[in-house]
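Subject: Handover of a structure and findings

Dear colleague,

Please find the structure below, followed by an account of what was found in it. I would be grateful if you would read the two side by side.

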Amino acid sequence: MTALLERRLTRTTVRSRLEALDQGTLVIGLIVAMLILGGLTTQGFLTTGNLSVVLRFSAAIGVVAIAQAFVVLGRGVDLSVGAMALVAGQVTLELMSRGWSELAAVGAALGVALILGLVNGFLVAVVGVPALLATLGTGQLLLGGIKVGLLQSNLYSVAPDAFLRRLGMGSVLGIPTAVFCLLVVIALSWFCWSYTSFGRLIRAIGDNPDTAWQMGGPMRRVQIGSYLIAALLSAFAGFLIMAREGSVTTTGAAFSPLLFAALTAVVIGGVSLSGGRGSLLGVAAGTIFISLIVNLLTLNSLSPALQDLANALTLVVAIVLDAWLHPRDEETAKSGDL
Amino acid sequence: MEAAVPLSLAMILSVAIVVMVPLGINDGGSILEEVATKGLLAIGLTVVLVAGGIDLSIGSILGVTALSTLILDRVYGVPMLLVVVLAPVIGAAFGAINGFLIAKIKTRPFITTLVTLIAFRGVAKWLEETYSSRLVVPSTSDIWYFLGQGTIVGIPTPTALFIIILVIAHLSLTRSRWGWHLTSVGSDRRSARRNGINVERSVFSAYILSGALAGFAGLLASARFGRADSGVGLGFEIIVLTAVVLGGVSLSGGRGSVIRAAVGMFVVTIIQQATIVLRMDNGYFATLLAIVLLFFAVLDLKWGTYRERFAAKLSLDPGMTAVGPLIDVTVLDTLWTVNGRLTDAPPIGLGLIEGAEDCAIDDGGHLYCGDRRGWIWRFEGPDHAEGKVFARTGGLPLGHAWDLNGNLLVAVGGMGVQRILADGTTELVANQVKRSRFSLHDDSAIRFADDLDVAPDGSIYVSEFSSRTSAAEYMLEFVECRPNGRLIRINPDGSTEVVIKNYVSPNGVCTSHDGQSILVASTGLFRVDRLWISGPKKGQLEPVLEDLPGYPDNMNRASDGNYWMSFVAMRTPVSDLLMKYPAMRRRMTKELPVDEWFVPQLNVSCVLKFTDSGQVLKVLWDETLENYPMVTSINEHEGSLYLSGVQNNRLGRLELDPEDRGSIDTRRVPMTQQARTSFSEAEK
Amino acid sequence: MDTVPVLQLTGISKIYGQDYAVRGVDFEVQAGEVHALLGENGAGKSTLAKIIAGVTKHDQGTLLFDGVSRIYSAPVEASAAGVTMVYQETSLVETMTVAQNLFLGNEKLFNRMSPLNIAARGLLVAHNFHIRPEAVVGSLGAAQKQMVEIARGIHRQAKLLILDEPTASVTPEEKVQLFLSMEQAKQRGVAIIFITHNLEEALAISDRVTVLRDGVVQATRPTAELDRESIVRMMVGRDVEYMRHPAGRGAAPIPSLEVDNVTLLPMVRNMSFSVYAGQILGIAGLVGAGRSEVAMIVAGISKRRRLGGGQIRLDGRPIRYRTPRQARRDGIVYVTEDRKASGFFSHMSIVENIHLGHISAQSRLPVLATPRERRTVGKRFVERFAIRTLNPAKAKLVELSGGNQQKVVLAKGLTVRPNVVIIDEPTRGVDVGAIAEIHAIIRGLADDGVAVVVISSYLPEILALSDRVIVARNGSIVAEFDANDANEESIMFAAVH
């Protein structure tokens, strides 16, 4: 009889070992494997130039992924991050084209982010609309509303002398500015997650909202705060993208590739969609992982269609892994838990 | 019903748009076409949502199948009929990928279908890259034309097909085993599992169906345009999701109707067409869509909490009644004056029975009575000292009568009419009537059978106190006082028919001594009417007694050619006043617990005897209310009166005054040679 | 009994986490027998029932049903074999109507609604349950749901019917009908497992009785050989009897918390009681009597939107909380009965759990929450509550024993300076050794001048802890005893009649 209990307690399966491992570490292992494999098979992959391109590319994705992680950690999801990033660029450039100063335009864009974050937080935390639906709606509303109400042109370019341009080009302490920005965001977020009450409470809400509520945690404030941070970080990522691309278009779908990449990075990085679990290391590793994949596919000159497919397949593997590592119990599974 | 408010708001919105925007008759055509294609997606999405999931990949599946059908036809020359079959199969195959991941691997539906949205779009792009140059060949098949531009009985093919699929989907979702399983899985996985439902299979089937419908929609789309590219169906998921939420389909699973989703789709398409007609930037449509989505998501949430209270408000609607003059029974020395004639009737079954509403005596002098626990007691004649439970009907046994074969008929509240045979077994006589047409309320059940009697031709007349409330909620009927009751005839062949509709709380039923008419007592309106069932006035209703001082209950024939009747309650000036103020009564039911409601005085024991012409001969009371606090029925048998009461713990047996004794056998159905196979004999 | 039993369990064990829920259970049921399964809360009755019904899989032992050895992976297999279970927490589908629920699982391929409603009404009314078959289950009260569940279970015509606490929320009159229906089913040869906490019911209806304690079968005997006392002895028979703690410094003269005619239908009706600082008030009563509900109203957890009236006063000041946060700021602490669902954060360590309680209790949320602070706060409470684990900063809550979990939940709540502490089922699912410690903690609170309320379904616990006992029934307080005058019989009488 006790033998049975012993067996149950000391049982080690592949799954339990993987579960114990931080998913970030796992992904870093995968990244190393991919670097080796890519270096062997693909010309020009393992060069400093290419790897710096990869890092630059991952900067914006990383920031949006962290924005998403703030919300996902608290058992929410923010589908408006892609729209916010796009709109931040649009608003800034439109206002600058109307003669606003660069600082004022950026301020206005951040103001838009502030409003979006508050509205998202209000709908989810106070009204109780499912996060998926609320943020899908606000993202769509933001895209459409800004386009209809503000924009006058179809394509905006960043002036070469603008400060924003330097975000994309220059370097700080020998690190590309964009990457430096990502590192700063990671550092700040790490501080927030580990050293502030706010960060602890987000994780608590994600772990068990009922407990957090009954414990007397300021649920609404914390949830609204997480959506606010997500929106502001997304706007910042928008500036990074704008700086990298040098231009901003006005066409965008609600499910933009950026949102998609951010969600992927978060899920691959081990931030569980059921909340309460995840680390920044994982998110960072996830970001680099998907950037490497995109880079490899491009270097091997796959068509966009096949790139989409390969991308999606990676994500399928990630979510299957997530489902396998954190299975949902049939007896306790809630319906409507999307 | 539950989504009435969100849906009506949506309809108002669309009417407003139609009025404000110059939408012409041509727009009607394109709106219908759009609705037919996207409506199929809406049906699929509704099914998935009801099953507790979500499917964002429908737009991409549509795009893939639209391309695939063209490729099959133009490039590989597959016979068109086969293509028509293959389109949903291809869609279902893609749906199966979703289903496999979500149902078997148990990934999260939202993120999974978001991924497959990209993946399937990738497939579409790849197909386009590979085949686009070879798709320019014009179509040769008539079937393409039929699917795109043809008509079925005057209706455009896509619309006709959509309506057919919609009806089938609706019936399947609400009525079929599959739909039930799906709903239960979506509403509560644990309960579904415990009820022996295969959760995985149900979820899987929902995604397959959603995929198949998207595939069929893809076929219609490519038939309509005669061409397709990888951009077909782009962004449809948000449009369809908005439409479905607008139609009141719940995102938390288990609740939703495809018809309402289709209406939502209609509204969204009208908005879209309006922006097209006004030549507005597509940003406007996106913005409007988002606003509508958010607004209705919030509305669904908030309306959900108030829905029940709102429904409760609708369910009770007290009526206003004009009341006639009230006879004051406290005035001394009148016919009606309160007396103590019933007080000392010796009890039967004291402490055994609980609430016998009516009783019946067989040839052997044995007494049978119901009990509100759903039993029929039998007390051995002639002294009725010993009793035992003779039969179990369940429900609330109310009125009793003997049928032509000498079996006992019992009106059972909640169950209809049952027949009790000599050995104590019960059989169902009837528990339903034909549902009345054009009635939202399902009135096919005999919900609250109260009293019954047998006509000379063997048919049974049953009063149904209310076709809305159940026997346990009789107080509501007192408060509402609306014509909810019916008189139902059960023919000897077992068929049923409503003979009086919309009657205010019919209660006592009694065949007249001449067998030509049926007397019906209306409790709520304190009157007795006569329904002619033969003779020159057949089918007519005429009053016998009006403005009684109490609320009449059961009626039975007396041996001297008159009738006995009991009052279940007495009118008071306050209750009369309340009859005039329905709003007051409604408020009372909201704010007071049921035992504090103002209702007619219920604790009363008053019986009276009246003639065929409506003259009251005699009134008996138990003024102490100690022994017989409520008399609901009075039966005369061989010189005794038997008092029963639905809240008493006993029956009473009162010796009849000599002047009341007559020669008529009160058990016998008038004008018949009723079989006299006695219960007691058969039993021995 | 020499016939082949319908169900035979041999050596059945089931492990949850680190504990045996049931251990080496031998159990059998004959056709046409009502077999009562008795035991305290957490004795393993429901687990055993769920194993038999195929809801959970047993880890060890054999399960013979109809003479065939079975291992179910889903309830559908058990129900196909002929097992029907009436669940305590009901297994109805909330968005479907009563009629649909009654026939769900053996519905036809295509169902027309009106005949179904008529049949459903007959089915319900046959048990004297007056519920509209067209009503959506979600709109029904707890008792009505229980009725639908019972009606369905009996209607299914199974070979083995398991009734898990079916009488917890039905009226005596409905109970009579239920027992009649059970009697009829028995005569048809149905085997019935009847799980209850009410000994009188078990003695009245069952043929045999099996008593479980701590997951182990104590005895299986014919009912005729047993009486109340012998069953209680088998059920309770703990190694540690509850020690009656001596009352401390005694109650303050004015009440800390007064609950005055609070109503929140349908569970709480005109509930009134007061709690004094320095005193432990025990609230006894059946499950569903409104005890936990009123506690949740006090603690701001239940929304009082539909409040029917009444007032709650804290130190004479009327209070009305909209969130638990406001209540905790005023020093009102509620310790939940459902530890797993809302007691702790399962993916976090002991220290993190306690620390979260610490920060969220502050009236102004501190900006910083350093790991160092976390360790100090954690250490203080780990020591104070004697939480025993190797590494309190690493050990996750799910991995702890019930007693340690409960201590963490208490510690998490008591990180504020409390005025009123309401503890719901303080020792449910707690190992024997930890019970005394938890009781000592509770007594210590009262001695420190805190007003303490203990809600427990287990009467010896109420008697051991309380200075004053009140009894709830049907949402109202129906009796009050001084601890010295109270005994199990008088409390039970008040709770039931």
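Helices (H or I, at least four residues) and strands (E, at least two) are DSSP runs, numbered from the N terminus. This is a predicted model, in which local features need pLDDT of at least 70 and side-chain atom pairs count only at pLDDT 80 or more, while totals for chains, interfaces and linings use all residues. Residues are numbered from 1 along each chain as its sequence is written, chains are lettered from A and ligands numbered from 1 in the order in which they are written, and side-chain values use heavy atoms, with hydrogens and water left out.

After H11(B) comes B:Gly248, which has a positive phi, near 80 degrees.

Chain B is divided into two domains by an automatic or database domain assignment: domain 1 covers 4–9 + 36–304, and domain 2 covers 347–433 + 441–683. Taken over C-alpha atoms, the centres of these domains of chain B lie 57 Å apart.

Chain A contains 15 helices and four strands. Of its 338 residues, 58% are buried. Among the contacts (heavy atoms within 4.5 Å) in chain A with a separation of 6 or more, 79% are between residues 24 or more positions apart. Chain A exposes about 13,400 Å², of which carbon and sulfur atoms supply 67%; accessible areas come from the Shrake-Rupley method with a 1.4 Å probe, and for residues only the protein chains shown count as cover.

The contact between the chains takes 53 residues from chain B and 45 residues from chain A. Together the two chains bury about 4,400 Å², 73% of it on carbon and sulfur atoms; buried area is the accessible area (1.4 Å probe) that two parts lose on being put together, summed over both. B:Arg108, B:Phe110 and B:Leu294 supply 16% of the area that chain B buries against chain A, more than any other three residues.

One salt bridge is counted between chain B and chain A (a side-chain nitrogen of Lys or Arg within 4 Å of a carboxyl oxygen of Asp or Glu). The side chains of A:Asp308 and B:Lys125 meet in a salt bridge at 2.8 Å, N to O. On the side of chain B that touches chain A, helix H5 (109–131), helix H8 (177–187), helix H9 (189–194), H11 and helix H13 (282–315) each supply at least two residues.

Yours sincerely

Definitions and conventions. Buried means under 20% relative accessible area, exposed over 50%, partly exposed in between (1.4 Å probe, protein chains only).
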